[in-house]
Amino acid sequence: MIERTALSEEFVHFNQSTLFLHYGIHQSEPVIRAKLALAEPDGFLAVRDRGIVAGAVSRRLTMTVRPGRTLPATGLGEIAVLPSHRRRGLLRELMRAHQRTSAEAGHAFTVLNASEGGIYGRFGYAPVTTDSVWTLDPRTAAIPRTAPCEVELLDAAAARTALPPAFDAYQRATPAELAREPAWWRTRFDCPEAVGAPADQHCVLARGKQADGAATGYALWRRPAPWSQETGPAPVIVDEFIAPDHTTTQALLAFFTGLDLCDRVEFRRRPLTAPLHWRFADPRSMRLTGATDRLWVRLLDVPAVATACLTGLDAPLTLRVHDANGPADGAWDIEPGPYGPARTAADLGPEADGLRVPYGPGCAKSRRGAADLELEAGDLAAVLLAGTDVPRLMAAGRLVEHTSGSALRLARALAGTGAPHCSTVF
Ligand SMILES: CC(C)(COP(=O)(O)OP(=O)(O)OC[C@H]1O[C@@H](n2cnc3c(N)ncnc32)[C@H](O)[C@@H]1OP(=O)(O)O)[C@@H](O)C(=O)NCCC(=O)NCCS
């Protein structure tokens with residue numbers, strides 16, 4: 001029987017011991033309390049057999065689905081079942097309870113980070129974002145320095161006020177990015193370990209040259225090993241690189257290519273397809289050196305997500321979605337919306353003021369007999385958020401086209417969404 005409760009001493013100790021038991025990670029009680037304080041007040045799921053034997057924690061999140069458009073989501077984390085109680089269906093029970101309450105709360109998605117790739121597909125989740133590592137050789141990397149942007153090193157106090165607005169602008173433009181609330185930022189600066197951030201990072205900020213000199217992006221970086229005469233130049237790690245436009249990207253890259261006493265710069269947690277390496281005259285100056293899936297997404301509300309993502313649809317489309325016992329199962333008719341001026345600034349994003357955009361399509365359970373396209377719910381989430389694309393799904397046999405031309409219609413409706421990325425750990 002699943003209990004849904006508030007944070008208790010018992011849950012703190014369960015979390016601390018399972019982290020150590022399953023991952024070999026020791027987190028202090030203050031770090032665990034800071035991390036768990038970001039959860040929903042009643043978001044602690046537990047199964048008891050005398051003490052807690054299985055648990056998970058849910059968080060309310062806001063996720064960008066296409067530039068300028070966000071939807072509510074729930075995050076599930078801290079999932080653990082004691083080794084003495086594994087393979088008795090406790091994870092399945094936790095997932096069922098979590099998905100039911102998330103759907104009842106009106107959330108469009110539930111999302112998680114997976115410890116292993118083989119667990120969550122059966123519960124309707126699909127990997128949508130990839131974290132990649134790109135390694136730069138500063139000795140061969142040449143990049144033109146850009147005039148309209150300046151960089152500046154910030155201390156921790158200045159970073160507290162400069163980073164949140166710069167991140168917000170990037171988050172609203174990037175599919176799958178999660179909003180960082182003020183409580184998240186407070187935790188980020190007061191107890192970085194609680195949000196998966198290393199302590200002792202440096203911050204370099206980019207500022208536009210407009211009169212207000214507003215921050216346009218930033219990077220958080222560190223030197224993991226100290227310099228010594230014996231070892232010579234050492235690596236630099238960039239943990240977060242937030243640069244939503246061209247000039248900010250150039251300015252921050254120029255900063256890292258110019259660092260002294262550095263033999264390589266590792267850019268971690270980068271979106272896989274954002275082409276930083278194309279900016280160098282020698283594209284081998286920056287190489288892909290690692291990649292892993294990051295955010296797994298489970299669709300809960302097909303009409304909300306389809307209407308938010310398919311504003312470019314130019315003709316009706318019926319999708320047959322497979323979602324065993326899940327809310328996305330069934331056939332869905334999606335109708336294109338009438339065109340007109342944007343209703344709110346949030347519909348457009350900051351750059352598109354004054355453009356005419358679709359009012360957005362409608363989506364409802366199908367009244368047609370036949371479907372144009374057929375796919376699994378996880379693949380639908382991945383393609384709507386641009387974590388994959390229509391040709392790739394078709395090539396993998398995961399998208400079946402019943403009506404000729406309908407796959408192209410879906411692809412056209414999603415064109416130009418931009419690579420998804422999720423840089424917020426929960
Ligand atoms: C992974 C874990 C949560 C599974 O819990 P559980 O209660 O044993 O899982 P269940 O008995 O409910 O299994 C549900 C399904 O998942 C499958 N499954 C469970 N663990 C799996 C794994 N590690 N890899 C692949 N499949 C797995 C089961 O075979 C079962 O499949 P089926 O119902 O389709 O036959 C648990 O083993 C655990 O806590 N592991 C260590 C910590 C961890 O990895 N947590 C997940 C963090 S994202």
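This is a predicted model: local features need pLDDT of at least 70, side-chain atom pairs count only at pLDDT 80 or more; totals for chains, interfaces and linings use all residues.
Arg86 sits in the loop between β4 and α3.

Arg87 is in the loop between β4 (69-81) and α3 (90-104). Arg87 is exposed, with a relative accessible area of 72%. Its backbone also stands out: phi of Arg87 is near 60°. That is a positive value in a residue other than glycine.

## A positive patch

Which residues form a positive surface patch? They are Arg86, Arg87, Arg92, Arg96, Arg100 and Arg122. A patch residue needs over 30% relative accessible area.

## Arg50

Arg50 also has a positive phi, about 70°, although it is not a glycine. Where is Arg50 placed? It lies in the loop between β2 (44-49) and β3 (51-66).

Is Arg50 buried or exposed? Arg50 is exposed, with a relative accessible area of 80%.

## Pro391

Pro391 belongs to helix α10, which spans residues 390-395. Pro391 has a relative accessible area of 55%. The cut-off for exposed is over 50%, so Pro391 counts as exposed.

Pro391 can also be placed relative to Trp184. The two are 207 residues apart in sequence. In space, 38 Å separates Pro391 from Trp184, C-alpha to C-alpha.

Conventions: Residues are numbered from 1 along each chain as its sequence is written. Side-chain values use heavy atoms; hydrogens and water are left out. Helices (H or I, at least four residues) and strands (E, at least two) are DSSP runs, numbered from the N terminus. Buried means under 20% relative accessible area, exposed over 50%, partly exposed in between (1.4 Å probe, protein chains only). Patches are made of residues with over 30% relative accessible area and no salt bridge: like charges are joined within 9 Å, nonpolar side chains (Val, Leu, Ile, Met, Phe, Trp, Tyr) within 5 Å. Accessible areas come from the Shrake-Rupley method with a 1.4 Å probe; for residues, only the protein chains shown count as cover. A salt bridge is a side-chain nitrogen of Lys or Arg within 4 Å of a carboxyl oxygen of Asp or Glu. Lys and Arg count as positive and Asp and Glu as negative; His and the chain ends are not counted. The place of a charge is taken as NZ of Lys, CZ of Arg, CG of Asp or CD of Glu.
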